[in-house]
Every structure is written in structure tokens, then in C-alpha cells.
Amino acid sequence: MQERAPAAGEPQAWPRAAAAEAVEPLWAPPIVHTLAVLTVTRSVEAALWPDPFADFRVERWGYHYGEALTKPPLFDVDQPAFRWDHDPWPINVVGHGLLGSEMYLRARICRFGAPAAVAFAVAGTHLWEYGYEANGVRPSALDLVYTPLAGILLGELRYATWRAAGTIESAPARLIVRALMDPFGEIERGAGVFGC
């Protein structure tokens, strides 16, 4: 399968031959993208579940951050599967899987190799659990493991499909497939915010 040359304004396709060359990853786009996704997600979380996520009292935040740093991550074996952190399973399975894949995918599209994208997803997951969410709840052992694992599997599938779409001759069809695989990235690239 031969890749076509990218159109003007379209992100560069990285053919397999270029993988052997040292290609520097772009750090700013995945970092800014991930921080934006985590901030929006945390804001939605505060709107949907004001207790505990919209409680902005300093003493409450101090208590929760202290608990996050002094106690092990929450893993309640008495709960059903994928509810070990007391969250509903759709949030754990679907929500965290999509969050992990979003972090992984953005890193891959911005030229990170698979191992570096895994490390990026793991770091983003820890930032979410210990930074963004720990002021309301204790970090979840399930989320710390499942988010990057599901992110790797779903993210690599999304990435492979996004790359394969680069060979589609029809510009509208190519855009549709890429937008389905990476909707936020296509918006960012279309707006000229990031090139990857």
C-alpha cells in the first residue's frame, strides 16, 4: 500500500521508511491537548457531581490531597468487577478507556514512538488521578492501570486507522475517516492550532 503525498495544510504522513530515521516528537501539542482534555473533563465532573468535585474549600482539598499521598490507591475487592473504585462501570470501562486512548493517540500522531506514547498515557493518567481528581476522591488503582492499558489498545487502533486514511484518494472520505478516529485533533489541525 503506497501512501499519497499529503495535501497542503494536511499533517505530514510518516511512511514506514521514515520510521528508521530519527524523527523528533512534537511535545507541545500532546501536552497542551491533554491538559485541555483533563481540564474540561474535570469541569464536567464538577458540574455532574458537585459533591465532592465542586467543593472548593481549602481544608477539604488539603484533606483529600493528603489522603491521596499517604494512602494506597483505592481498590475495594468487595465491589463488583470494574466498580472497585466505587465508580459506575461505564465511567471506568468506557470513559477511562477513551481518556487513555486520547492521550496515547495525540502522542502517536505527534511522532512519539509506541513506547513513548505509552509513557505519555501513563503520565497523563497519574496527573489525572493525583492532580486533577485527588482533591475530591482518592486515586483509583483500577484507573491507574486500566486507563493507560485500554488507551494503548484503543489508541493504537485509532492511530493505525488514522494513518491508513492517509492513503484514501477522496479528500472528503479521508477527512471523514480521520475525523471519526481523531475528532479533537482534526478540529485543532483544521483551526491551525497544531500541525499534528
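1. Buried means under 20% relative accessible area, exposed over 50%, and partly exposed in between, with a 1.4 Å probe and protein chains only. At 30% relative accessibility, phenylalanine 82 therefore counts as partly exposed. Helices here are DSSP runs (H or I, at least four residues), numbered from the N terminus. Phenylalanine 82 sits in the loop between helix 4 (58-70) and helix 5.

2. A word on the basis. This is a predicted model: local features need pLDDT of at least 70, side-chain atom pairs count only at pLDDT 80 or more, and totals for chains, interfaces and linings use all residues. Residues are numbered from 1 along each chain as its sequence is written, and side-chain values use heavy atoms, with hydrogens and water left out.

3. What does phenylalanine 82 contact, leaving aside neighbours within four places in sequence? Contact means heavy atoms within 4.5 Å. The partners are Asp87, Trp89, Asn92, Val93, Leu142 and Tyr146. Tyrosine 146 is 64 residues away from phenylalanine 82 along the chain, and their C-alpha atoms are separated by 9.4 Å.

4. Now the disulfide. The term covers a pair of cysteine sulfur atoms within 2.5 Å. By this rule the count is one. Cysteine 110 and cysteine 196 form it, with their sulfur atoms 2.0 Å apart. The torsion about their S-S bond is about 85°, so the disulfide is right-handed. The pair links distant parts of the chain, 86 residues apart. Cysteine 110 lies in the loop between helix 5 (89-109) and helix 6 (114-132), and cysteine 196 in the segment after helix 9 (183-190). Both cysteine 110 and cysteine 196 are buried.

5. Next, the cores. A nonpolar core is a set of buried Ala, Val, Leu, Ile, Met, Phe, Trp, Tyr and Cys residues joined through side-chain atoms within 4.5 Å. The largest has 12 residues, including Val37, Leu99, Met103, Phe120 and Trp128. Helix 2 (28-48), helix 5 and helix 6 are the elements that each give two or more residues to this core. Helix 6 gives the most, with five residues. Apart from this core lies another, of six residues, among them Leu105, Cys110, Trp162 and Cys196.

6. Last, threonine 167. This residue lies in the loop between helix 7 (141-164) and helix 8 (171-181). Is threonine 167 buried or exposed? Its relative accessible area is 18%, so threonine 167 is buried. A polar atom of its side chain lies 2.7 Å from the backbone oxygen of alanine 164.

Key
A polar contact is a pair of N or O atoms within 3.5 Å; within protein, one must be able to donate a hydrogen and the other to accept it, and residues adjacent in sequence count only if both atoms are side-chain atoms.
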